[in-house]
Amino acid sequence: MSLLLDEIALAAARLAEAGVESPRAEAELIAAHVHGVRRTELHNVPDAAFDARFWEGVGRRAAREPLQHITGRAYFRYLELEVGPGVFVPRPETEVMTGWAIDRLREMDVAEPVVVDLGTGSGAIALAIAQEVPRARVHAVEADPIARDWTQRNLERCAAAAPYTTGRVSLHGADFTAAGPGARRAGVLPELDGKADLVISNPPYIPLGASVPPEVGEYDPPAALWGGEDGLDAIRAVERTARRLLRPGGIVAVEHGAPQGAPVYWVFCEEAGWRDTRNHKDLARRDRFVTATRPGERADG
Ligand SMILES: C[S@@+](CC[C@H](N)C(=O)[O-])C[C@H]1O[C@@H](n2cnc3c(N)ncnc32)[C@H](O)[C@@H]1O
């Protein structure tokens, strides 16, 4: 066995002992990052090139720092995003909801669909939609200035790779819980009232006091996690905001925690002004997001 493979096996054992879920895969990903190769190319790394930064990365991961903070990268659909302290690391569950929204947008008989992403964080959802539905105009809303710096960085990164994409994403520093017309505070994006074709959000939805793994509790920003006593505070705000922003026939998609499928379904009930409300599952077959349509003449998607 080569020195590198020996070291990876030792590192995997150390990560397993620290409670890391996929220790071998993560040890390989740290090695690949340190050597600037793909995981599948590790066998090409000469033993002489072995790098001590590998053990520094393994130590950080054993202390339960997220892999994505160690590598500085997160992968989301077809995007490679920059992430680190102060921004939520995008999750595979959210890729499923984003894929659902992309399919609906592609079916829509609208020349340039208007999309709003509430709580954009790294920009994962907004940028994936802009990349995969190039005719969409995407408005990304984020209240936290530190998270917004990461969004901006990713907008620029994607602009460099594909200039047509970023031109269609506008970043707005705003609080999506602000109330709408008639209230003292203006709602977010008042210029889009009744005009949006799709509102999408992965808001904070963990109930206060719930226990979370160290990678989440110590590294994801609190504003990205906690959703009040029952976890639904931000989801209720998304419902109110989506109701104001969407045009008749426009659709909303909101992510939630696995046990929240039933309560979130009722947040988007007929009495609140919605039709075709549906629960959707993630790849692990757990309830993960709810979609609903604004009643009215246009019924795209
Ligand atoms: C769970 S993270 C999701 C980030 C990204 N959309 C994703 O899926 O990876 C929620 C994001 O919403 C932002 N956020 C929370 N409450 C907000 C509010 N009231 N207004 C605007 N953004 C908010 C947080 O700062 C955080 O970036």
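Contact between helices is taken here as heavy atoms within 4.5 Å, and helices are DSSP runs (H or I, at least four residues) numbered from the N terminus. The model is predicted, so that local features need pLDDT of at least 70 and side-chain atom pairs count only at pLDDT 80 or more, while totals for chains, interfaces and linings use all residues. Residues are numbered from 1 along each chain as its sequence is written, and side-chain values use heavy atoms, with hydrogens and water left out.

Two packed helices are described by the angle between their axes and the distance between the axes. Axes are lines fitted to C-alpha atoms, for helices over the stretch in contact, with angles from 0 to 180 degrees between N-to-C directions. Helix H1 (residues 3-17) packs with helix H3 (residues 53-62) at an angle of about 15°, the axes being 9 Å apart. H1 and H3 are therefore roughly parallel to each other (angles under 35 degrees; over 145 is roughly antiparallel, 65 to 115 roughly perpendicular and the rest oblique). The crossing of H1 and H3 is right-handed (the near helix is turned clockwise from the far one by less than a right angle). On the H1 side, Glu7, Ile8, Leu10, Ala11, Arg14 and Leu15 meet Phe54, Trp55, Val58, Gly59, Arg61 and Ala62 of H3. This contact of H1 with H3 comprises eight nonpolar, one polar and three charged residues (Ala, Val, Leu, Ile, Met, Phe, Trp, Tyr, Cys and Pro count as nonpolar, Asp, Glu, Lys and Arg as charged, and the others, Gly among them, as polar).

The axes of H1 and H2 come within 8 Å and cross at roughly 130°, which makes H1 oblique to H2. This crossing of H1 and H2 is right-handed. Residues in the contact include Leu4, Leu5, Ile8 and Ala9 of H1 and Pro23, Arg24, Glu26 and Ala27 of H2. By class, the contact of H1 with H2 has 11 nonpolar, one polar and three charged residues.

For helix H2 (residues 23-35) and H3, the axes come within 9 Å and cross at roughly 140°, which makes H2 oblique to H3. The crossing of H2 and H3 is also right-handed. Glu26, Ala27, Ile30, Ala31 and Val34 of H2 make the contact with Arg53, Phe54, Gly57, Val58 and Arg61 of H3.

The ligand is surrounded by 18 residues (a heavy atom within 4 Å), the closest being Gly119, Glu142, Asp175, Phe176 and Asn202. Polar contacts are pairs of N or O atoms within 3.5 Å. A polar backbone atom of Phe176 lies 2.9 Å from a nitrogen atom of the ligand, and a backbone N or O atom of Ala143 lies 3.3 Å from a ligand nitrogen atom. A polar side-chain atom of Asn202 is 2.9 Å from an oxygen atom of the ligand.

Notes
Helices (H or I, at least four residues) and strands (E, at least two) are DSSP runs, numbered from the N terminus. A polar contact is a pair of N or O atoms within 3.5 Å; within protein, one must be able to donate a hydrogen and the other to accept it, and residues adjacent in sequence count only if both atoms are side-chain atoms.
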